[in-house]
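Me: I would like to go through some labels given to this model and see what each one rests on. Please set the values against the definitions.

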Amino acid sequence: MNDRSTEATRRGVMTGTLTLAATAAAAAVSVPAEAKNRATAENQGAGGAYVVSKDGTQIFYKDWGPRDGQPIVFHHGWPLSSDDWDNQMLFFLANGYRVIAHDRRGHGRSAQVSEGHDMDHYAADVAAVTEHLDLRNAIHVGHSTGGGEAAHYTARHGKDRVAKLVLIGAVPPVMVKTASNPGGLPIEVFDGFRAALAANRSQFYYDVASGPFFGFNRDGVKASDALIKNWWRQGMTGAANAHYLGIKAFSETDFTEDLKKIEVPTLVLHGDDDQVVPVADSAVLSAKLLKNATLKIYKGLPHGMATTHAEIINADILAFIKS
């Protein structure tokens, strides 16, 4: 083959390749967002999947149990992941329920994005999961920051999908001290969280888990090294920026209007030795704002009581669901 023929052939191959690439790109653009979400979720395999939220963020979730079982959706605390619900998911799965838990954006296995680390986006991400799975007549269970997320979701997106709500050691109505919330924690407390996280996130998470979160800093309480390490692991799996910005989301968001809008039966559970979210300015006030609340306060139990005293909390949630 002469040089001219070789050059012509090369140009033809390049032209054909570019044409195929352009066609493929055009086809990709034309795929509806819904189809992309479905394909993304369905191609991850059993036990865990992803859904793409409205702003394009990939949200990881677990979905276990019978498709026709009543769904229970779990919302984890800061700075953890859906793994924090292992005990509850196994317990309710064994009782015939369909159990779902997601990793909040920037937490666990969800996308480590720069934007959207606020309650509006958190609730919208939950809506993306529940709409994708078409969850109805669902029980939503939220702990700490996840309690705020669950309340925000129920008030904004859950009218036709939520049957009951459970708030455990939850942050509503609002954590930070303001003129309208004189019993809240001073902003300096949360500034301290941010400073500690930025200085040495690993040490900060270890200190939280080995101290106030599980009440391991109390006299007579035996610390569990396994629980501490698992808490630390979950925290360090997430993104530092998401956790840093999430402090503002859980401490400064005012959920008062959300709580007033919620009409479904709501179980409010809190330990009276919660050193992270003090009970008097959270559960007690939330129960008064909710239209249909049952308040239960546990003597001496810590913020992480769903883990340290899972048998008690699980039994009470199950009784509430069945009531």
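Reply: A salt bridge here is a side-chain nitrogen of Lys or Arg within 4 Å of a carboxyl oxygen of Asp or Glu. By that criterion Lys62, Asp83, Asp86, Asp103, Arg109 and Arg233 are linked in a network of salt bridges. The model is predicted: local features need pLDDT of at least 70, side-chain atom pairs count only at pLDDT 80 or more, and totals for chains, interfaces and linings use all residues. Residues are numbered from 1 along each chain as its sequence is written, and side-chain values use heavy atoms, with hydrogens and water left out.

Me: What makes Arg105 and Asp125 a salt bridge?

Reply: Their closest N and O atoms are 2.7 Å apart, and the limit is 4 Å. The pair links distant parts of the chain, 20 residues apart: Arg105 is in the loop between E4 and helix H4 (119-133), and Asp125 is in helix H4. Helices (H or I, at least four residues) and strands (E, at least two) are DSSP runs, numbered from the N terminus.

Me: Why is Tyr97 called buried?

Reply: Its relative accessible area is 10%; buried means under 20%, exposed over 50%, and partly exposed in between (1.4 Å probe, protein chains only). Tyr97 therefore counts as buried. Tyr97 sits in the loop between H3 and E4. Leaving out residues up to four places away in sequence, its contacts (heavy atoms within 4.5 Å) include Trp64, Ile72, Phe92 and Leu318.

Me: Why are Glu257 and Lys260 called partly exposed?

Reply: Glu257 has a relative accessible area of 46% and Lys260 one of 37%, so both values fall in the partly exposed range. The two residues form a salt bridge, with the closest N and O atoms 3.5 Å apart. They are three residues apart in helix H9 (residues 256-261), so about one helical turn separates them.

Me: How do you know that the buried residues of H3 line one face of the helix?

Reply: In helix H3 (residues 86-94), the buried residues are Gln88, Met89 and Phe92. Seen down the axis of H3, they fall within an arc of 100°, taken from the directions from the helix axis to the C-beta atoms, so they line one face of the helix. The face turned away from that buried side carries the exposed residues Leu90 and Ala94.

Me: What do the buried residues of H3 pack against?

Reply: They pack against strands E2 (58-64), E3 (71-75) and E4 (98-102), and against helices H11 (305-308) and H12 (310-322).
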